[in-house]
Amino acid sequence: FVVSCIPSWFWGPIVTLEDCLAAFFAADELKGDNMYSCERCKKLRNGVKYCKVLKLPEILCIHLKRFRHEVMYSFKISNHVSFPLEGLDMRPFLAKESPSQVTTYDLLSVICHHGTAGSGHYIAYCQNVINGQWYEFDDQYVTEVHETVVQNAEAYVLFYRKSSEESVRERQKVVALASMKEPSLLQFYISREWLNKFNTFAEPGPISNHAFLCQHGGIPPNKYLYIDDLVVIVPQNVWEYLYNSFGGGPAVNHLYMCAICQVEIEALAKRRKTEIDTFIKLNKEFQAEEAPSVILCISMQWFREWESFVKGKDNEPPGPIDNSKIGVMKGGHIQLKQGADYGQISEETWQYLLGIYGGGPEIAVRQTVVPADPDSLHGERKIEAETRAL
């Protein structure tokens, strides 16, 4: 009893990671100056605020607040927080509608901070998942350590990984099925990305072969040349076991390049070339005009999106032309806003882009030239002549 109480006498009560989580997820009463403003009755009401986890991640990152910043100073909170190496259970903090089935976690890594709030040094403890051994990473030095060293560390950030004995048994089952020598009439292709999740995640989710398939069920032309890097061939019995266990899909036992996607790619390339060539041609004609009577304005924000599309930097075409940010309404007419980010194009170029994308509004800068009065010119010449005579 005396031995167990000595740590509490020196360092205060032991704080566990579960205590920290319980405090974080604890409900807050909203009353007094902190009452809740009801959206229905539009009045201040007493209430309770709380948060729950909707879906647990495969890797859980827990950041302990080690630093407190006040108005005039900052300081570090060095209290030791005990944390489990295995079996951290997050079920008490789950929402009722959460789909997560696996709720236990094993420690994977710990980041520690040594020093004060003003300066310090970071080290990390990480576990090798192959042999289960822990290692300390301190700049260029890597040292093997016992797990008790990790448990006594002043944790700053903790990384936990979902643990499930069921997932281990499923992997062993798949390995056993794959090693069976019975011939398979069909071979199936499965996403390498999903298979990596199956080998490492406790809850990999449904099979998703859309990482290498297009919406038409074939291989997109831009992925066909390196398709071997995206898929793994599995025998029929392995596919059926995985499909029955996780669902998803679709089933793929034949790889082919999608002809529909190929036609769409060629049509898109032709469209881009037509639009950029037409713009260059019309813009050259516009630059050759010495005194254009009408100059149209176009938002440079929209123009840059269009330029990225026609140059192949962006796969999606821009939406309708949006000149609303460069125009302002004055006297019932839209005029160019002072300091607006805009470009000048010809009326022909405007009509061309407008015909493809639509939008607006049209903002024109017109040069109005007032014709000279012949009588006034004659009078000026007469006055000039009389002046010379004098």
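Helices here are DSSP runs of H or I with at least four residues, and strands are E runs of at least two. With that in hand, let's work through this predicted model.

**Exercise 1.** Work out how the overall dimensions of the protein sit against the compact-globule rule.

*Solution.* Start with the inventory: 11 helices and 26 strands. Next, take the rule: for 390 residues, a compact globule would come out near 21 Å in radius of gyration, but this protein has 35 Å. Then check the spans of the C-alpha trace, which are about 130 × 75 × 55 Å along the principal axes. Finish with burial: 31% of the 390 residues count as buried, the cut-off being under 20% relative accessible area.

**Exercise 2.** Find what the record says about residues 165-258, and describe that stretch in the model.

*Solution.* First, the record: UniProt, in an unreviewed entry, puts "domain: DUSP" at residues 165-258 and also at 267-369. Now look at residues 165-258 in the model: the chain there is 40% helix and 15% strand. Its end C-alpha atoms lie 41 Å apart.

**Exercise 3.** Which residues of helix α7 are buried, and what do they pack against?

*Solution.* Step one: go along α7, residues 236-246, and pick out Asn 237, Val 238, Trp 239, Leu 242 and Phe 246 as buried. Step two: list their partners. Among the helices these are α4 (165-178) and α5 (192-200); the strands are β16 (187-191), β17 (207-208), β18 (231-235) and β19 (248-249). Step three: step just past the helix, where Gly 247 takes a positive phi of about 70 degrees.

Methods
Residues are numbered from 1 along each chain as its sequence is written. This is a predicted model: local features need pLDDT of at least 70, side-chain atom pairs count only at pLDDT 80 or more; totals for chains, interfaces and linings use all residues. Side-chain values use heavy atoms; hydrogens and water are left out. The radius of gyration is taken over C-alpha atoms; the globule rule is 2.2 Å times the number of residues to the power 0.38. Buried means under 20% relative accessible area, exposed over 50%, partly exposed in between (1.4 Å probe, protein chains only). UniProt positions are given in the numbering used here, feature names are shortened, and annotations may be inferred rather than shown by experiment. Contact means heavy atoms within 4.5 Å.
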